[in-house]
Amino acid sequence: MTDAPLLKVRDISKFYGARIGCQNVSFDLWPGEVLAIVGESGSGKTTLLNCLATRLMPTSGSVEYRMRDGQMRDLSRMSEAERRFLMRTDWGFVHQNPADGLRMAVSAGANVGERLMAVGERHYGNIRETAGNWLGRVEISVDRIDDQPRAFSGGMRQRLQIARNLVTAPRLVFMDEPTGGLDVSVQARLLDLLRGLVQDLGLSAIIVTHDLAVARLLSHRMMVMKDGVVIEQGLTDRVLDDPREAYTQLLVSSILQV
Amino acid sequence: MPTPLVVSEVAKSFTMHLRDGIRLPVVSNVAFSVKAGECVVLGGPSGIGKSSLLKMVYGNYAVDSGQILVDHEGRLVDLATADPRTILAVRRATLGYVSQFLRTVPRVAAVDVVAEPLTARGVAAAEAKATAEAMLARLNLPRELWQLPPATFSGGEQQRVNIARGFITDHRILLLDEPTASLDATNRAVVVEMIAEKKAAGVALLGIFHDEDVREKVADRIVDVSAFSPRKSAA
């Protein structure tokens, strides 16, 4: 266990004009920890995720990240070039719609290889080999390496997006509804895969989901958002087994039992 | 060596916001401890709060007040106030739990479900798997089931997977929520034997056993939960 957080979030707020996106969110994320942010549509969870991942500029508050050299850096004080480099190497971002995270008109192998080139890998043979390995890890047959993701099913595209994100061995991955829009058997496979990868690689992750079962399976810790505010947080099974806030109780009691 | 588990002045109630915010008191003034090598059994009628109490000790349920002190790697941790990261560390190294029902993960084979607590602690995959197989064999789970995900197993088979997973580590404290409820006599006897081995190894056990025969064989002491229940006077 490392004794310093990877991400320090303090009083992050984002306003869209007078409307609240998210308000006064603070937390620490530790290495190897998976945090789920849950809440209904419009609760501000994606706004928060985008603020953390520097895809949106928060109105106020700070996000600090511990770089590989151990230095804590304030993300809003980084240059655009530094932020982009971080995004391409040490971070991953898995979008709900794989088309937002993939380049649909280049091959699967190139989609994975592109991120490797961003960290300086130039040897074509190595890139292709690594890309092939990663396709295998996300259970895409290696003979599809030259196909474009356009020719892939939704579940395959999502797995390819995950491979593209993880190939540079990032330390932090953001995921926005990674299983949304997939049918349940595909979802189960993806969840199992994500769970294994997070465990094997010791990743830290922040996962936005409205699916409490996904949160239960993948996360250690959970934050419940409503109207832009974190109303309850804690150990995932504590929040789900003993929800304290009225809204969390409503969410938990609304789960369909199979 | 300090006492592995000390529960003191713990109180818990549920506030049901969906039922006009009514407050249901569960327990108050709970105080007991479990020594190394001892098996303490929570007694009292159904619905008195035995399972709730186990969940509080494991951290699934929050407590309103009081302390739950656990000897974790040589220091005392109060689980009533510990942050999530500390609770997870305590669960990984010190505090095990065999729940009544197995929460299955899609696609994960029974043997891997059992081996997971070991791999989470850094034991090599092959070694963890071998240990897991030995546990499953001892609990008479048919070999052809080992590689299957337990979702479709019978209640008794799932429970044995659960027991194997809970007993596989050398955690110093083990919580048992009716581990023998759906087992036949042969497997009940195996579990009784396994509990005796844990006691001999100095593990502190806290459990719920409705089966009188099993309870008599394993219990060193019975803590009557109705003494902590607000309903005791009403009844």
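**Strand pairing, helix packing and backbone details**

Author: A:Ala36 has A:Ile207 as its bridge partner in S8(A). The model is a predicted one.

Reader: What ipTM does the predictor give the complex?
Author: Confidence is reported for the complex as well as for a chain. For chain B the mean pLDDT is 93, and 97% of its residues reach 70 or more. For the complex, the predictor gives a pTM of 0.92 and an ipTM of 0.91.

Reader: In what order do the 6 strands of the open sheet in chain A lie?
Author: The pairing within this open sheet of chain A is mixed. Its edge strands, each pairing on one side only, are S6 (91-94) and S10 (229-235) of chain A. From one strand to the next, the twist averages 15 degrees. The order of the 6 strands is S6-S7-S8-S3-S9-S10.

Reader: Which residue of S9(A) is the bridge partner of A:Val38?
Author: Strand S3 (residues 34-38) and strand S9 (residues 221-226) of chain A run parallel and are joined by 4 bridges. Within S9(A), the partner of A:Val38 is A:Val224.

Reader: About what angle does the direction of helix H6 of chain A make with that of S6(A)?
Author: Helix H6 (residues 154-166) of chain A packs on the sheet. The helix touches S6 and strand S7 (172-176) of chain A. Its direction and that of S6(A) make an angle of about 170 degrees.

Reader: Why is strand S8 of chain A described as largely enclosed by the rest of the structure?
Author: A:Ser204, A:Ile206 and A:Val208 point one way from S8(A), while A:Ala205, A:Ile207 and A:Thr209 point the other way, and all are buried. Strand S8 (residues 204-209) of chain A is therefore largely enclosed, the number of its residues that are buried being 6 of the 6.

Reader: Which residue stands opposite A:Ile206 of S8(A)?
Author: S8(A) pairs in the parallel sense with S3(A) over 5 bridges. S7(A) and S8(A) also pair in the parallel sense over 5 bridges. Opposite A:Ile206 in S8(A) stands A:Phe174.

Reader: What covers the buried residues of H4(A)?
Author: In helix H4 (residues 108-118) of chain A, the buried residues are A:Ala108, A:Gly109, A:Asn111, A:Val112, A:Gly113, A:Arg115 and A:Leu116. After H4(A) comes A:Gly120, with a positive phi near 100 degrees. The cover over the buried residues of H4(A) includes H2 (80-89), H5 (124-137) and H6 of chain A.

Reader: Is A:Ala169 buried or exposed?
Author: A:Ala169 is not a glycine, although its phi is positive, at about 50 degrees. This residue lies in the loop between H6 and S7 of chain A. A:Ala169 has 12 C-beta neighbours inside 10 Å, so it counts as exposed.

Reader: How many other C-beta atoms lie within 10 Å of B:Glu9?
Author: B:Glu9 also has a positive phi of about 50 degrees and is not a glycine. Its place is in strand S1 (residues 5-16) of chain B. B:Glu9 is partly exposed, and the number of other C-beta atoms within 10 Å is 13.

Reader: Which residue of S8(B) is the bridge partner of B:Leu176?
Author: Strand S7 (residues 173-177) of chain B has 5 of its 5 residues buried, so it is largely enclosed by the rest of the structure. S7(B) runs parallel to strand S8 (residues 204-208) of chain B, and 5 bridges join the two. In S8(B), the partner of B:Leu176 is B:Gly207.

Reader: Which residue of S7(B) is the bridge partner of B:Leu95?
Author: Strand S6 (residues 95-98) of chain B pairs with S7(B) in the parallel sense over 4 bridges. From S7(B), B:Ile173, B:Leu175 and B:Asp177 point one way and B:Leu174 and B:Leu176 the other way. The partner of B:Leu95 in S7(B) is B:Ile173.

Reader: What is the handedness of the crossing of H3(B) and H5(B)?
Author: Helix H3 (residues 110-120) and helix H5 (residues 155-167) of chain B pack at an angle of about 25 degrees, their axes being 7 Å apart. H3(B) and H5(B) are therefore roughly parallel to each other. The contact is made by B:Ala110, B:Val113, B:Val114 and B:Pro117 of H3(B) with B:Val161, B:Ala164 and B:Arg165 of H5(B). The crossing of H3(B) and H5(B) is right-handed.

Methods: Residues numbered from 1 in each chain as written. Chains lettered and ligands numbered in written order. Predicted model: local features only at pLDDT ≥ 70, side-chain atom pairs only at ≥ 80, totals over all residues. Pairing = 2+ DSSP bridges. Axes fitted to C-alpha atoms, helices over the stretch in contact; angles between N-to-C directions. Contact = placed C-beta atoms within 7 Å. Buried ≥ 20, exposed ≤ 12 C-beta atoms within 10 Å, placed from the backbone. pLDDT = per-residue confidence, 0-100. Parallel < 35°, antiparallel > 145°, perpendicular 65-115°, else oblique. Left-handed = near helix turned anticlockwise from the far one by under 90°.
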